[in-house]
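Please look over the model below. A short report on its two chains is wanted.

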Amino acid sequence: MEIGLTHFLIISGILFSLGLFGIATRKNAIMVLMSMELILNSANINFIAFSRFGGFNMEGQIAALFVIILAAAEVAVALAIVLNIYQNYHHVNVDEINKLKG
Amino acid sequence: MTPEMLLNLSIVILLIPILDFAFLIFFGKKLGRASGFIGTSVLGIDLILALIVAFVRLTQYPNETMQQYKFDWINLGNTSVTLGIGIDNLTAIMLIVVTLISFLVHLFSMEYMREDSRFSRFYAYLGLFTFSMLGIVIANNFLNMFIFWELVGVSSYLLIGFWYEKDSAANAGKKAFIVNRIGDLGFLIGLMIIYSTYGTFIFEDVFGKIHAGILPFNSGFWLTLMGILVFGGAIGKSAQFPLHVWLPDAMEGPTPVSALIHAATMVAAGVYLTARVYPMFTADALLFIAYIGALTAFIAATIAITQVDFKRVLAYSTVSQLGYMVMGLGVGAFTSGFMHLVTHAWFKALLFLASGSVIHAMHHSMHKAHNHDMDPQDIRNMGGLRKTMPITYITFLFATIAISGIPFTSGFLSKDGILAGTLAFGELSGHWFIPIAGFGAAAITAFYMFRLTIIAFHGKPKTSIAEHTHENNGFITIPLIILAVLSLWFFYSMNPLNPDEGWFHQRTQAPQSAVPASLMWNFMNPEKEINANENINVSNNRLHTISNELNKTGIPAFLVTHTLVSQPKVETEFKETLHHAHVPAMILSLIVAISGIILSFVYYQFKVYDPDSIVNLYPWLYKGSFNKWFFDEIYQATFINGTIGLAKVGAWFDFNVIDGIVNFVAAIGRGLGHITGIFDFHIIDGLVNLSAKISGWLGTALRKPQSGTIQAYLVLTVLGLVVLILLFI
């Protein structure tokens, strides 16, 4: 069986769904961040896949590189936030941090 | 001495007493008794300067018109208010009168007020009074005169109420001030008419415009009324009927004050004013003045007969003599009226100072006897003072003889002139009431003055207090002696029976009248004679005047002189009749005076008849006189109660009608307020609350999804996205 675009998209879809599920269900903020990485990587797969099977150009790969860099930066900021949350609450349980409750 | 120097010197005379006042009012307390010496010596300097000014004016410039300074006080567009001062013969004589009596009273008070706790304050007030009085004297316009007129009123008020711890003194001060206001209101209205008609206050300019035929509202009636209104000021200040009621009460002040203000100078200010503005009086105004004077002279004399308070007898005598002066001016005996002002000033100041001497001695005697309940002013407690106080007695007797009008005294010269004037006036105008009142009052004056002398000084002492009185020291007796000497005839005229040739008469002739001929008395109109023989002379004189004295408006000033030399020689019918009336008047006045004196000796000295028998014969006459003809009671019943009643009606109206309307309007406002309040509370507030509640409900409803849990939001977002995708694809 020839591995085609469809497979990549399915993999990427599964990865995205797993990430979304992780964000929605995990309590630990670190786990939520990690699930977010999954979603970002699923998008990366899409970029790469469309780049390979689409017009054979480099744009998709460059976009993927950007996303990786972005992810790194985002994690740096997000971990700093998590660290601060931990200092205030002494835990990082996302469902218990509901200060924004109306 | 140049006229400028004369004027500058008179300004200095005016200012010295006010500096004295300012100094004593600020530093008097520290100085204590020294303030008396300061006040007296300052007034002594003032007196010397006044004597110099008067002497120069009366010897070097007796024939000139008023020498004066004028300056603009206020400039308002085209109009200006001009003030100034001026010196003429009347002023010069008045300067001596005011400063000399003021000086003597200062001297007298050194002893009389010795024990008073506000000794320096007293001297300060005397200085203020002297300043104000001098201001009246040297005014050359109505406004200056009015300003100082009111200042005199203030100082009179301060001095009457000097012993304000006594209610009677405080009330007397208020009464004098308020009664004077009534007359001054007339004066003020007169001034308004003058200024609105003539646009100036200067005497000679006003007279000039009257002379040029400009009349207020173009009617002679208003000119008469203007004169009467200005004379209203004199009615108040000179205590003429019907405003004479304040003067007897003013005797609550210290006796030196009574002598200075309420006998010699201030009350004469009204007479001086009348003399000063004499050219503007029409025949009707002069008749009014003559009647007021005659009524005052007679009524006050009848009251004086029965009074028992030493000073009150003298007070009513003052009112009566002021009536004489006013009557003299009113009938046209200008010179004698003014002369009576001067001669009366000496002998009435003497009478009051002598009464002060008696009261002072009585006080001391009471003090020694430890008797503090007796009235030291009641003549029924005196008697026999002739022996214990000889100097006071003799000087008092001098003044009594002078006021009774016996020859060889100054009083005879002036009084006789006035009576001759009334006689001539009665003959020419037919108003015989005036001479009858004049001669009647002369008889009564002689009677009551000798009654006072006999009861107080003759006979045996009626109380032990009177028996132990002693003559006072030099501070009191020297002024008495000086004034007694001044009551002799030779100061005014060498001829003791006829003053016509004396210096006084030569320098104080009646000024020509400025009013149109149709408004003059026929018999005082000089034109009648002039038309016949001296027409040319007069028109030349007028031309001369016009070329010399054109003022701003082009109307020549009416120059007032008081000598015959510079006036065209005019012989009016009145003067001729006056000349003829002189001898009969003299004989008649001597008869009435001597009969009055004899009567009082019969009743009080030799007691041939008992005075009580007359009292029993005509009890209502006695009661009327003793109670001052009930003037105070009548005023109390009519004007005072009327005013209070009117005030009560006004208060009732205010309380019930005005307040009712106000309260009614307020009630309407309150009712409207209630209605709008209900509307506000229930409808407006309801709407506001409703919208607030809706927001509240919405907020509560929308709070629910805001759980604050990020994961819940995420799930909802995803669900929403899914829904959107399902909807659009």
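This is a predicted model: local features need pLDDT of at least 70, side-chain atom pairs count only at pLDDT 80 or more; totals for chains, interfaces and linings use all residues.

Residues are numbered from 1 along each chain as its sequence is written, while chains are lettered from A and ligands numbered from 1 in the order in which they are written.

**Chain A**

Chain A has three helices and zero strands. Helices (H or I, at least four residues) and strands (E, at least two) are DSSP runs, numbered from the N terminus. The order from the N terminus is α-α-α. The radius of gyration of chain A is 17 Å, well over the 13 Å from the globule rule for 102 residues, so the chain is more spread out than a compact globule. That radius is taken over C-alpha atoms, and the rule is 2.2 Å times the number of residues to the power 0.38. The C-alpha trace of chain A spans about 50 × 25 × 25 Å along its principal axes.

Of the 102 residues in chain A, 11% count as buried. A residue is buried if 20 or more other C-beta atoms lie within 10 Å of its own, exposed if 12 or fewer, and partly exposed in between, with C-beta atoms placed from the backbone.

**Contact between the chains**

In chain A, 10 residues are in contact with 10 residues of chain B. Contact means that the C-beta atoms, placed from the backbone, lie within 7 Å. The chain A side has five nonpolar, two polar and three charged residues. Ala, Val, Leu, Ile, Met, Phe, Trp, Tyr, Cys and Pro count as nonpolar, Asp, Glu, Lys and Arg as charged, and the others, Gly among them, as polar.

**Chain B**

| Element | Residues | Number buried |
|---|---|---|
| α28(B) | 19 residues | zero |
| β1(B) | 10 residues | one |

Helix α28(B) covers residues 710-728 and reaches 27 Å from its first C-alpha to its last, close to the 27 Å expected. The expected span is 1.5 Å times one less than the number of residues.

Strand β1(B) runs antiparallel to β2(B), and nine bridges join them. Strands pair if DSSP finds at least two bridges between them. Gln67(B) has Ile87(B) as its bridge partner in β2(B). The hairpin has two residues between the strands, and Gly77(B) takes a positive phi near 60 degrees.

Phe288(B) sits in helix α12(B), residues 283-304. Phe288(B) is partly exposed, with 18 other C-beta atoms within 10 Å.

Definitions and conventions
Two residues are in contact if their C-beta atoms, placed from the backbone, lie within 7 Å.
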